[in-house]
Every structure is written in structure tokens, then in C-alpha cells.
Amino acid sequence: MSSKLIAPSILAADFANLQRDIEMVNNSEADWFHIDIMDGVFVPNISFGMPVLKAISKHANKTIDVHLMIVDPDRYIKTFAKLGSNILTVHYEACTHLHRTLQAIKSEGMKAGVALNPHTNINVLEDTINDIDLVCVMSVNPGFGGQSFIENTYSKVAKLKELITQKGASTLIEIDGGVTDKNAKALVDVGADVLVAGSYVFKSDNQTQTIKDLRGIANS
Ligand code: DX5
Ligand code: ZN
């Protein structure tokens, strides 16, 4: 079975020491960089935008996983490809023509992801799952780091895993929000492939060790 992946969320990094925090992730056992882009419309918060992503890309030497929490994401697909995104995830709730959006992301050479808010049922992906490289299951309401994990996520992930298997898809399942050492193993057991962790990593005393330990738990 392939390794379970850890994606530290840069939203929780120290923006005044961004290069230092990026180097920490580069030199850790983390697999991906998770980058949260918010527009203050789709979610009630604004994070950072293109110039910051450009700066991150310049130093990051691992897969760049961009999570767009913005309305009408089609407007920026080409831009995010140019800025170095390897995976571009859009919200199901923000796309009127999801199938077209997924094709547009892939045509720019990126992997295509779809994020689901906690209230959105897995069933809505029944007709697109074979076109999706990654489903990001939101385990908190998007917009802020440091929130507590929503327990209903486990049954959602199990349902999604069942759908993926039933359709013969190769979609990865990513969990985003409130991930810690307490829920990592249980999430993997129900089907998670990628664990995003923001506060749990960046607020810890030894970030490199926290990443290593979390990866160890996920792969135990
Ligand atoms: C929330 C973001 C998450 C966030 C996770 O809207 O999508 O990626 O950074 O942060 P933690 O791990 O602190 O819940
Ligand atoms: Zn995210």
C-alpha cells in the first residue's frame, strides 16, 4: 500500500519568517505544501494571494497543493498554473460547471482537486469522481486555521472511499482541518491518503519532529 502523506498548511506558518518555515518543511518528512487561498467572499476570511504564492514556489521543493476558497475559480486557473501549483483544488460549492473546471485545470498540466464543505454530501461527486485526482474533505468549516475537528468526517470519508472503490477511480482522499495525532490514525483507517495539518504542526515546539511523528502515526 502506498504511503500516507502529510501536507503542512502554510496558513499557520509565521509569515514574517516565511522562508524559514518553508525550509523547515523542505527539510522535514512532509510530502506536500498545502496552500490556502481565500477571497473573503466564499469564506469569511482573506489569507494571501498570488505574490505570496510566487514567493513560496521559489523556495518550496515539494509538491504544491493549492486549496482555492474563492468564488468563480475558473478565472485564475492559468495564473495558478504559472505560479507553480502542482495540484489545484476548487470547492464544489463554488463551481457551476465542475466538469469543465476540472478539465481546464488538467489542461494546464495540474492535478485537479475538489473540496467539499462539511455540509456537502459525498453523493454529489458520483458523476465526476473518475475525473477527480483528489477530494479534499473539509473537517472544519473553511476559512480559518485552528478550529476543532468535526467528528462526522469519519463516516464521510468511509463513504467516499466506497464510492472511489466502486467506480474504480484512483482519487486520493485529503483531510483538511483540525488534524492532530489524536485523529490521524482513525482517518487513515477509514480511507484518508493525505492529512493536512496547520496549527498542529506550526504551533508545536519541534515542528520537524511533529511532522515526522504524524507521518509515523499515519503509516503505522
Ligand atoms: C481552513 C484551511 C486549512 C487550515 C487547516 O480553511 O483550508 O487548510 O489551514 O488548519 P488547521 O490544521 O489548523 O485546522
Ligand atoms: Zn486548506
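Predicted model: local features only at pLDDT ≥ 70, side-chain atom pairs only at ≥ 80, totals over all residues.
Me: Where does ligand 1 sit?

Reply: Ligand 1 is in the largest pocket.

Me: What is 2.8 Å from an oxygen atom of ligand 1?

Reply: A polar contact is read from a pair of N or O atoms within 3.5 Å. Here an N or O atom in the side chain of D36 is 2.8 Å from an oxygen atom of ligand 1. The backbone also takes part in this list: an N or O atom of the G178 backbone lies 2.8 Å from an oxygen atom of the ligand. For H67, a polar side-chain atom lies 3.2 Å from an oxygen atom of ligand 1. Of the 380 Å² of accessible area that ligand 1 has on its own, the protein covers 99%.

Me: How many residues has the largest nonpolar core?

Reply: In soluble globular proteins, nonpolar side chains tend to be buried together. The largest such core here has 60 residues, and I10, I35, V66, I175 and L195 have the most contacts inside it.

Me: With which residues is I175 in contact, leaving aside neighbours within four places in sequence?

Reply: I175 is in contact with V137, S139, F149, T153, V157, L187, A192, V194, L195 and V196, once those neighbours are left aside.

Definitions and conventions:
Residues numbered from 1 in each chain as written. Chains lettered and ligands numbered in written order. Heavy atoms only, no water. Core = buried A, V, L, I, M, F, W, Y, C linked by side-chain atoms within 4.5 Å. Buried < 20%, exposed > 50% of the residue type's maximum accessible area, 1.4 Å probe, protein only. Contact = heavy atoms within 4.5 Å. Polar contact = N/O pair within 3.5 Å; in protein donor to acceptor, adjacent residues only side chain to side chain. Areas by Shrake-Rupley, 256 points an atom, 1.4 Å probe, with all protein chains shown as cover. 1 Å grid on protein atoms, 1.4 Å probe; cavity = no way out; pocket = protein on both sides within 12 Å on 5 of 7 lines; lining within 4 Å. Sits in = over half its atoms within 2 Å of the grid points.
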